[in-house]
Amino acid sequence: MSHTATPHRHPSRAEPDDEDYRLPTGGTAGDIARRSRFAWALTGSGHYLEECIELALRLPDVDLFLSAAAEEVLPLYDYRIAELRERCRVFRDKTASSVPVGMLYDDVYHTVIVAPATSNTVAKCAFGISDTLPTNIFAQAGKLEIPGIVLACDMRPVVITKSPREWVELKPRNIELENVERLRRIDFCEVVESPEELERALQLRLDTLSLTWNTSSS
């Protein structure tokens, strides 16, 4: 009796268009010339969120990586994942091992940005903890000598931030300010203090890579 074999499909492999669970295909993780995209990680901060998303969408070939907290916060500031996906690829924090980070090994990304970065994310990055999608991509990028840029939210003794309903004055503790200084000492990491400084840092990366901004974020 003969039968037709059914093609084997790995149970953990998602369909090609399922961006949340896209798996690496086995790159060299070392050919900088092959890297062609920006990886932008969003955390659960609303501080400078609008400015960061506007900058992200002006970049050529950018992918967004959302922490679980970012996914909760975005709708509070009138951002919908479905709408963001019309503009760029979006990866969510849905796997325990942060599967999308594997694309770093596939020579996909030349720059990693974490902006805005909460004090929690800054602390984890500063102490080498990687248990969320943004902190994991930041750590692995450093190990691959991929430049990273972090916009830390708690940089100054007094921070005026926009909550979903009103403006709020916050006074970061010494521990938050100390963690920012620790983060500055991390290899392949540049810490910036404002959207304006972030834009200047991104302009330098674009110049280095011989790239230009998109003409519009709309």
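Modeller: Rings of Phe, Tyr and Trp (its six-membered ring) pair if their centres lie within 6.5 Å. The model is a predicted one.

Biologist: How many aromatic pairs does a search of the whole structure find?

Modeller: The search covers the whole structure. The number of aromatic pairs found is two.

Biologist: What is the geometry of the pair formed by Phe65 and Phe91?

Modeller: Planes under 30 degrees apart count as stacked. For Phe65 and Phe91 the centres are 5.0 Å apart and the angle between the planes is 25 degrees. The pair is therefore stacked.

Biologist: How many residues apart are Phe65 and Phe91?

Modeller: Phe65 belongs to strand β2 (residues 62-66) and Phe91 to strand β3 (residues 89-92). The pair thus links distant parts of the chain, at a separation of 26 residues.

Biologist: Is Phe91 buried or exposed?

Modeller: Buried means under 20% relative accessible area. Because Phe91 has a relative accessible area of 0%, Phe91 is buried.

Biologist: Which class describes the pair of Phe65 and Tyr109?

Modeller: An angle over 60 degrees between planes counts as edge-to-face. The ring centres of Phe65 and Tyr109 lie 5.6 Å apart, with the planes at 75 degrees, so the class is edge-to-face.

Biologist: Which strand holds Tyr109?

Modeller: The pair links distant parts of the chain, with Phe65 in strand β2 and its partner 44 residues apart. Tyr109 lies in strand β4 (residues 109-117).

Biologist: Which residues form one aromatic cluster?

Modeller: Phe65 pairs with Phe91, and Phe65 also pairs with Tyr109. The cluster consists of Phe65, Phe91 and Tyr109.

Notes
Residues are numbered from 1 along each chain as its sequence is written. This is a predicted model: local features need pLDDT of at least 70, side-chain atom pairs count only at pLDDT 80 or more; totals for chains, interfaces and linings use all residues. Side-chain values use heavy atoms; hydrogens and water are left out. Helices (H or I, at least four residues) and strands (E, at least two) are DSSP runs, numbered from the N terminus. Buried means under 20% relative accessible area, exposed over 50%, partly exposed in between (1.4 Å probe, protein chains only).
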